[in-house]
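Thanks for making the time.

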Amino acid sequence: MNALFLTIAMLASYTTLFDFTTDANMDRWAVINDGVMGGLSKGKLEVTTEGHGRFSGTVSLENYGGFTSIRCAVADIAVNEGSKIQLRIKGDGKDYQFRVKHKARDYQSYITTTPTTGEWETIEIPLIELYPSWRGQKLDMPNFDKSSINEFTFLIANKRNETFELLIDEVVLVP
């Protein structure tokens, strides 16, 4: 009985940042393509009939392009030094960046690159391991050490022309 209570208490302490199977509020999401800099990449986000988020499209290196991303706004969510992000995703064998921001107005994002296997997987990312970056350049600043986050992003930018598909079930904050 104590083990069951502990498991329920641990699950209750998770904060779901977005769950495509239960959250239909797609207004929190934005697609940002490299067209903001003249590029020709095209990404889109849709919900599949199975209830997964599907981030898909093409990355083009033409016109100095090379990336596409999806960004989700969240209310200021408190985090602590040991907090982790847990992703439930199915990629296509390509690498994707996962990014967070402390404040949307900050120029830097805190990022990591996550390889995918082509199978459903749960990936845990300690926030402290996310390093600061701006326009593809690592910054000379500490890794993520903030007390909250207010947006997260999936981005593909593998320096090649390619099509891609990333399925997303949920993004969870683990204290």
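This is a predicted model. The mean pLDDT of the protein chain is 91, and 93% of its residues reach 70 or more. The exception I want to flag is residues 1-11, where the pLDDT is below 50. Beyond near neighbours in sequence, that stretch has 0 contacts in the model.

Now the core. The largest nonpolar core has 33 residues, and the two that touch the most other members are Phe152 and Phe154. Which elements give two or more residues to this core? They are strands S1 (15-19), S4 (53-59), S5, S6 (84-90), S7, S9 (120-126), S12 and S13 (162-174). S13 provides the largest share, 5 residues.

Take phenylalanine 152 on its own. Leaving aside neighbours within four places in sequence, its contacts include Leu17, Phe18 and Trp29. Further along the chain, Ile70, Arg71, Cys72 and Val74 are also among its contacts.

Next, the largest pocket, with a volume of about 770 Å³. It is lined by 32 residues, and the closest to its centre are Phe67, Arg99, Arg135, Gly136 and Leu155. Six strands each supply at least two residues of the lining: S5 (68-78), S7 (95-101), S8 (109-115), S10 (131-134), S11 (137-138) and S12 (148-156). By type, the lining divides into 15 nonpolar, 9 polar and 8 charged residues.

Now to the loops. Methionine 26 is in the loop between S1 and strand S2 (29-33). Is methionine 26 exposed, partly exposed or buried? Its relative accessibility is 24%, so it counts as partly exposed. Valine 47 is 21 residues away along the chain, yet the two C-alpha atoms are separated by 9.0 Å.

Last, the loop between S4 and S5, which holds asparagine 63 and tyrosine 64. Asparagine 63 has a phi near 60 degrees, a positive value in a residue other than glycine. Tyrosine 64 has a positive phi too, near 65 degrees, and is likewise not a glycine. As for accessibility, asparagine 63 is partly exposed, with a relative accessible area of 48%. Tyrosine 64 stands at 76%, and therefore counts as exposed, the cut-off being over 50%.

That is what I have; questions are welcome.

Conventions:
Residues numbered from 1 in each chain as written. Predicted model: local features only at pLDDT ≥ 70, side-chain atom pairs only at ≥ 80, totals over all residues. Heavy atoms only, no water. 1 Å grid on protein atoms, 1.4 Å probe; cavity = no way out; pocket = protein on both sides within 12 Å on 5 of 7 lines; lining within 4 Å. Points joined across faces, edges and corners; volume = space filled by probe spheres on them. Helix = DSSP H or I, 4+ residues; strand = E, 2+ residues; numbered from the N terminus. Nonpolar A, V, L, I, M, F, W, Y, C, P; charged D, E, K, R; others polar. pLDDT = per-residue confidence, 0-100. Contact = heavy atoms within 4.5 Å. Core = buried A, V, L, I, M, F, W, Y, C linked by side-chain atoms within 4.5 Å. Buried < 20%, exposed > 50% of the residue type's maximum accessible area, 1.4 Å probe, protein only.
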